[in-house]
Amino acid sequence: MSAFVTSRPATGLRHVLMKAATVASALFLAACEPTGGTTQARGPETGPLIDPSEPVRVALLAPGGTGSQDLEWLARSLKNAARMAAADAQGATIDLRVYDSGASTESAVAQANAAADAGAQIILGPLFAEGANAVGNAMMARNINVLTFSNNTQVAGGNVFVLGNSFENIADRLVGYGLSQGKRNVLVVAENDVAGQLGGRAIEAAVARNGARLAGRVDHPVSISGIDGVVPRITEAARTGQVDAVFMTANNQAVLPYLTQSLAAAGVRSPGTQMVGLTRWDQPADRLGLPQLAEGWFAIPDQTLQRQFEARYAQAYGEAPHQLGSLAYDGVAAIASLVRNGQRNALTSTGLTQRSGFAGVGGVFRLQPDGTVQRGLAVATIRGGQLVVLDPAPRNSRGLGS
């Protein structure tokens, strides 16, 4: 991800922001990778038919052996969560095989081929979008579907399904909620890095899809001087009366505190002008005490279900799971539920995209025929230094819409 850089010496708050910028946001770890290669288009049914009375061979590609502490924690969480789901698979037998795919595309493809040679019938992983695209291309010839942990929808389609909570899904939820609250005119503010541009496009698409109005877009460099340069433009737009909400990508951890503080100092803050974020504003926890984030909107998973999973995981493995670890549980559990129902097409694109969806760790989710995912999310805010749910996550697929 892009570093948060400045063209002048950092002191005080700026020094804190510079330190915070070295920590990558886990949610957007996969999205920041370039897709590479050619994106697979939606096509005919993919995936093998199975005998649901026999063990189903599932291969997990986890980013182990990278040397990165955060990636090692994530890899460990993915492996452990997948094993939990396999153990929970009552009425289905999951033969889970784990492969360390590293962080390179070449390694991911090599491990996927090794898994297929060993009889894998479906692939979970890899994490990075470029690797997912390459693995999908390699597995297409072998008629094997790939459930990637990436949240980058540019690689979705064909035999590749995205499990990660995508920009598009988050933007849809927040724009839709905004309309229900009378917030129709949306100003998009996006970083000029890869993830920021993907996020900005996702917000614009959600605005169009939901029938809201795009009140403008402001892009900024991932730097203090870059943010300082656009704050007057955002402030001027907000004062015209033609902007109901400012929807920020703010994917870089250091951007959100500084951008919102600068806007608040200029008089632009919730609830006067509704501030909305594509990222979670309650993480890390010290953000809860930032006054400029109060009453802003962001999306979160179903907290009751998420906490139940986290408690079980911590009890079993003696540490908290990485926030993306639950994706592996969701993938295995979805497969197991289809197998338990006796479906021979459990691993095919038709089976995986059943309209009723699946019960996931963070709420209901549904894989789409185009390879994207719909996830039921709650809308939350920060009030009195506490996380407050404004609109709960749906508990069944009907709440996901059409």
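**Exercise 1. A salt bridge across the chain**

Glu 295 has a relative accessible area of 24% and is therefore partly exposed, a class that lies between buried (under 20%) and exposed (over 50%), with a 1.4 Å probe and protein chains only. The model is predicted: local features need pLDDT of at least 70, side-chain atom pairs count only at pLDDT 80 or more, and totals for chains, interfaces and linings use all residues. Residues are numbered from 1 along each chain as its sequence is written, and side-chain values use heavy atoms, without hydrogens and water.

Task: Determine which side chain meets that of Glu 295 in a salt bridge, and where the two residues lie.

Solution. 
- Step 1. Recall that a salt bridge requires a side-chain nitrogen of Lys or Arg within 4 Å of a carboxyl oxygen of Asp or Glu.
- Step 2. The side chain of Arg 383 meets that of Glu 295 at 2.8 Å, N to O.
- Step 3. Arg 383 counts as partly exposed, at 39% relative accessibility.

**Exercise 2. Further salt bridges**

Task: State how many salt bridges the rule gives, and which residues are joined into one network.

Solution. 
- Step 1. The count comes to 13 salt bridges.
- Step 2. Asp 219 and Arg 217 meet through their side chains at 2.8 Å, N to O.
- Step 3. Both residues are partly exposed: Asp 219 has a relative accessible area of 31%, and Arg 217 has one of 23%.
- Step 4. Arg 280 and Asp 282 form another salt bridge, with their closest N and O atoms 2.7 Å apart; Arg 280 and Asp 282 are buried.

**Exercise 3. The surroundings of strand β14**

Task: Decide whether strand β14 is largely enclosed or open, and identify its pairing with β10 and β15.

Solution. 
- Step 1. Strand β14 covers residues 378-383, and five of its six residues are buried, so the rest of the structure largely encloses it.
- Step 2. With strand β10 (residues 298-300), β14 pairs in the antiparallel sense over three bridges; two strands pair if DSSP finds at least two bridges between them.
- Step 3. In this pairing, Ala 380 of β14 stands opposite Phe 298.
- Step 4. With strand β15 (residues 386-391), β14 again pairs in the antiparallel sense, over five bridges.
- Step 5. Here Val 379 stands opposite Asp 391 of β15.
- Step 6. The hairpin of β14 and β15 has two residues between the strands, and Gly 384 takes a positive phi near 60°.

**Exercise 4. An open sheet**

Task: Give the strand order of the open sheet of five strands, and explain why one side of each edge strand has no neighbour.

Solution. 
- Step 1. The order is β2-β1-β3-β4-β5, with parallel pairing.
- Step 2. β2 (94-100) and β5 (160-162) stand at the edges; each has a single partner strand, so one side of each lacks a neighbour in the sheet.
- Step 3. Strand β4 (residues 145-148) is joined to β5 by three bridges.
- Step 4. Val 162 in β5 is the bridge partner of Thr 148.

Technical notes. Helices (H or I, at least four residues) and strands (E, at least two) are DSSP runs, numbered from the N terminus.
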